[in-house]
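Have the view open as you read and click along.

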Amino acid sequence: MNARERYRRIVRGLPVDRMPHSFGGPRRSTFDAWMLQGLSQEQRDRWWDFVGEDRSTWIGMLYDGPIPPFEERIIEEVGNKRTWIDHWGVMRIDAIDQPTDGFATRQYLEFPVKSPDDFRRMKERFDPHSPERFRASPEQAQRTELNPDGYRRYAAGECWEDRVEECNASPWPVCVGVNALFWRCRDWVGLENLAVMFRDQPLLVHEMMEFWTWFLMEMLEGPLSRIKVDQVMLSEDMAYKTASMISPRDMREFMLPLYRRLYEFFKGKGVECVMMDSDGHAGQVLEVFHPEAIDGLWPVEIAANNDPAVYLAGYPCLYLGGGIDKRALMGTREAAREEVVRRYAAAREFGRYVPGVDHGVPPDVPLRNFLYMVELLKGFARGEALDSYEPPGDLEAQLGPIERMFDARDATRRAYGS
């Protein structure tokens with residue numbers, strides 16, 4: 001059984017020869033910290049092979065940003081802070097030198113869409129058939145280069161048309177990821193403004209979400225008609241720590257009918273699993289969208305009061321990924337083991353769940369703790385006993401000596417000079 005077959009069976013709740021190896025994504029600052037803890041450059045370069053993580057196959061370039069972009073313009077730079085307008089037309093403040101690269105935070109000051117006329121002008125930059133969305137444009141890339149950590153930059157890559165044969169023959173799950181309705185409206189108007197628009201300009205919110213539903217189906221019609229896709233991930237990030245950013249009533253009025261349309265479109269193209277990527281508490285999201293408009297959810301952040309076992313018990317056909325509390329990996333191995341065992345117990349009891357770190361792996365997680373978790377997960381994936389299995393430590397044995405552990409205060413001082 002290959003990884004692609006394994007994924008499709010798990011999503012359906014069917015038995016597999018072993019569970020997938022899905023551990024979580026370290027980011028640049030994490031790898032930088034880990035290289036001071038004994039990780040070699042070769043191990044970093046071939047990370048997936050080093051840890052033995054299962055892979056996925058991406059269908060190729062699908063750029064959903066503005067074409068042409070707004071002109072990037074620096075307004076002011078003071079110390080390590082830059083006030084500028086990005087290629088989405090948003091005025092914002094960023095750290096020039098990021099303390100933890102890959103985990104950048106930013107302050108948004110002003111957004112380009114405030115009225116129906118503004119949105120009419122914005123739509124002119126979103127032709128779903130623009131060739132630059134599918135084939136790399138050096139000119140487009142040069143006009144989106146100021147983002148400090150690459151967030152929302154023009155991401156050039158191989159065209160999906162050149163990957164049809166490889167994708168359809170892939171032994172790995174074939175995946176597509178796009179920004180969905182709430183996420184895209186937030187890009188255009190800002191979170192606070194969008195929250196107000198639901199009350200003060202509901203017709204504009206309907207228009208924006210309707211347009212983006214059409215855009216996604218138009219952009220994906222060609223690729224999904226020729227490539228067998230296993231998973232579509234719809235990114236929303238629409239929840240706080242204990243509740244969603246908008247009410248279930250508003251989700252049902254503004255989003256659910258369009259999600260049903262997207263779901264029907266994806267299923268008509270043979271997509272096995274339609275997932276939502278939403279940080280924060282997912283209870284209200286699942287209440288509204290599952291099972292009629294999404295099949296699964298990621299990353300199930302534990303700090304946001306999510307419990308994979310509760311969701312799996314309440315929604316028998318739900319597929320989950322993630323759900324291992326990254327905070328439990330920052331301390332002792334005993335705490336890490338307890339967390340991994342808890343999540344794998346839920347996976348074994350309910351099925352349709354592949355435990356992994358609940359979002360990006362921060363540099364606060366020590367490398368040796370992470371590798372301990374990796375070996376635990378690989379052992380549990382092949383059926384080792386949850387109450388007694390102890391990893392052999394083969395990965396840790398391949399590391400060099402520890403030079404320095406990560407210190408968030410040092411990272412901040414290096415970036416800001418204080």
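How many disulfides does the count come to? Keep that in mind while going through the points below, and remember that this is a predicted model.

1. Cysteines first. The count comes to 0 disulfides. Take C159: it is in no disulfide, and the nearest cysteine sulfur, that of C167, is 11 Å away. A disulfide is a covalent bond between the sulfur atoms of two cysteines, and the cut-off used here for such a pair is 2.5 Å.

2. C167 has its own story. The closest cysteine sulfur to that of C167 is in C175, at 9.9 Å, which is too far for a bond. Are these cysteines buried or exposed? C159 counts as buried because its relative accessibility is 3%, and C167 is buried too, with a relative accessible area of 0%.

3. Now the sheet. It is open, has 7 strands with parallel pairing, and reads β1-β6-β7-β8-β9-β10-β11 in order. Which strands sit at the edges? Those are β1 (57-58) and β11 (353-357), each of which pairs on one side only.

4. Strand β7 (residues 231-235) runs parallel to strand β8 (residues 273-277), and 5 bridges join them.

5. Next, follow the chain past the edge strand β11. P363 lies in the loop between β11 and α15 (367-381). Buried or exposed, then? P363 counts as buried, because its relative accessibility is 2%, and the cut-off for buried is under 20%.

6. What is P363 in contact with? Neighbours within four places in sequence aside, the contacts of P363 are S29, T30, A33, T100, F103 and F406.

7. In soluble globular proteins, nonpolar side chains tend to be buried together. Here the largest nonpolar core has 112 residues, and the members that touch the most others are W188, M208, M255, F289 and F370. Which helix gives the most to this core? That is α10 (residues 202-226), with 12 residues.

8. Beyond four places in sequence, M255 is in contact with L181, F182, M209, E236, M238, I246, D250 and F289. One of these, F289, is also on the list of core members that touch the most others.

Conventions
Residues numbered from 1 in each chain as written. Predicted model: local features only at pLDDT ≥ 70, side-chain atom pairs only at ≥ 80, totals over all residues. Heavy atoms only, no water. Pairing = 2+ DSSP bridges. Helix = DSSP H or I, 4+ residues; strand = E, 2+ residues; numbered from the N terminus. Buried < 20%, exposed > 50% of the residue type's maximum accessible area, 1.4 Å probe, protein only. Contact = heavy atoms within 4.5 Å. Core = buried A, V, L, I, M, F, W, Y, C linked by side-chain atoms within 4.5 Å.
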